[in-house]
Amino acid sequence: MIQNDLTRPIELLRPPRVAFGGGTVAEVGRWVREHGFTRTLVVADAFNAQRVDRLALEGSVTVFADIKPEPDVPNLEALLAVAERAEAQVVVGFGGGSAMDLAKLAAVLPGSGQTIHEVVGPEKVAAKRAALVQVPTTAGTGSEAGTRALVTDPATLNKLAVQSVHMLADLAVVDPDLTLSVPRAVTAATGVDALAHCVEAYTNRKAHPSIDLYALEGIRLVGRFLPRAVADGEDREARAGLALASYYGGICLGPVNTAAGHAVAYPLGTRHHVAHGAANALVFPHVLAFNAPVVPERTAAILAALGLPPATEPAAVFDAAYQWCRALGCEMRLSALGVPEDDLPRMADEAHAIRRLLDNNPRDVGRDDILGMYRAAY
Ligand SMILES: [Fe+2]
């Protein structure tokens, strides 16, 4: 069941400065100069490292160009070694969620004496040690708006989740033009990830009226603009709509967070290297339909916001959401994503152990419920 209780206290955090719009990327350099910073560390993947000039930075700029998808602890440690040497006054996350999440950690860990394992959980980070600027180049994670970073522990294949108010960006620059080059399949998958953040916050045990506003508007924006951006990657209005939806999704993640959708999706990434967005797209209709009986009004509102016909019966909800994802070109079969069938029980065990998310789900999810979703998706 959903509390959605106006009397329940909630803390709303978002970056104190947000620049939004086409061409705003150059704000990064202007802001860094305005603050008198002369040493900058840019945290990027290989693609974005080639266009660091777009940030218009001056002074000493160190670029860590090796952020991997689904980054793990060794990837983080390589970054931290570079960060220790750079002694940057400001860290810029320039990429998707992986780059922005690791930038958060690079702004708080170097020189702190704290290891990644010591800061896992809520508010264990001692202090912010460098200013933080976040520049998303995909429209999906919303990491620029939030205070969480996820890193895969190769020993356990679990996601280590660090949350800290010290990892909130001082400036977020959301320039939708940076997403014009995102390929069609990635556009679709990351767009459904943004949608999943909004939907899982809206149908969450900890749902709150102060967040519902962003969640519903984020869903509307994805419903209106994701099909357009998939059809035409150069559609600047659609790209802007998705960048805003992603940012709104990020706001939802702070005080409410995701639920069963992300928990069920995680083992696809940690065990089989399926990209986060693609994993969430595959799982999305299954969890929406599973939850529909306990949150029928909210499920109906989600379908309406997406522009889909009304439905509350799980089978009809599933069909509507599944066809919508399929029409975007999302791969909806686990077998086609290289997941071996004999691993489904282990994946279900792992997903079921992610209590920090499953406990948010409006309907109790058993291990066999999860296995049933994987089998249905195979
Ligand atoms: Fe996500």
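Analyst: What follows starts at the sheet and then moves to other sites. The model is predicted.

**The sheet**

Six strands make up an open sheet. Their order is β1-β9-β6-β4-β2-β3, and the pairing is parallel. Strands of a sheet pair through backbone hydrogen bonds, either parallel or antiparallel. The edges are held by β1 (17–20) and β3 (60–64). Each has a single partner strand, so one side of each is left without a neighbour in the sheet. From one strand to the next, the twist averages 15°.

Strand β2 covers residues 39–44, and strand β4 covers residues 90–95. The two pair in the parallel sense over five bridges. A44 has F94 in β4 as its bridge partner.

**The helix on the sheet**

Helix α4 (residues 97–106) packs on this sheet. The helix touches β2, β4 and β6 (131–136). Its direction makes about 170° with that of β4.

How many residues of α4 are buried? Nine of its ten residues are, and the helix is mostly covered. The buried residues are G97, A99, M100, D101, L102, A103, K104, L105 and A106. What do they pack against? Their partners are β2, α3 (73–86), β4, β6, β7 (148–153) and β8 (158–163).

**A loop residue that meets the helix**

T147 sits in the loop between β6 and β7. Is T147 buried or exposed? Its relative accessible area is 7%, so T147 is buried, the cut-off being under 20%.

**The iron site**

Now to the metal. Which residues coordinate the iron ion? They are D193 (OD), H197 (NE2), H262 (NE2) and H276 (NE2), at 2.1 to 2.2 Å. Along the chain, these donors follow the spacing D-x3-H-x64-H-x13-H. D193 lies in helix α5 (residues 184–202), and H262 lies in helix α8 (residues 260–272). The pair therefore ties together parts that are 69 residues apart in sequence.

The site is irregular, with angles of 88 to 168° among its four donor atoms. Two of the donor residues can be checked for cover. D193 is buried, at 2% relative accessibility. H262 is buried as well, with a relative accessible area of 2%.

**The cysteines**

How many disulfides does the structure hold? It holds zero. C198 is in no disulfide. The nearest cysteine sulfur to that of C198 belongs to C252 and is 4.6 Å away. C198 is buried, with a relative accessible area of 0%.

C330 is another case. Its sulfur is 5.3 Å from the closest cysteine sulfur, in C325, and that is too far for a bond. A disulfide is counted within 2.5 Å. At 6% relative accessibility, C330 is buried.

**An exposed residue**

The tour ends with E297. It belongs to helix α10 (residues 296–306). Is E297 buried or exposed? At 64% relative accessibility, E297 counts as exposed, because the cut-off is over 50%. E297 and A311 are 14 residues apart in sequence. In space they are 9.8 Å apart, C-alpha to C-alpha.

Methods
Residues are numbered from 1 along each chain as its sequence is written. This is a predicted model: local features need pLDDT of at least 70, side-chain atom pairs count only at pLDDT 80 or more; totals for chains, interfaces and linings use all residues. Side-chain values use heavy atoms; hydrogens and water are left out. Donors are N, O and S atoms within 2.8 Å of the metal (3.2 Å for Na, K and Ca); water is not among the atoms, so sites may look incomplete. Four donors count as tetrahedral if all angles lie between 85 and 135 degrees; four count as square planar and six as octahedral if opposite donors are over 155 degrees apart and all others between 65 and 115; anything else is irregular. Helices (H or I, at least four residues) and strands (E, at least two) are DSSP runs, numbered from the N terminus. Buried means under 20% relative accessible area, exposed over 50%, partly exposed in between (1.4 Å probe, protein chains only). Two strands pair if DSSP finds at least two bridges between them. Axes are lines fitted to C-alpha atoms, for helices over the stretch in contact, and angles run from 0 to 180 degrees between N-to-C directions. Contact means heavy atoms within 4.5 Å.
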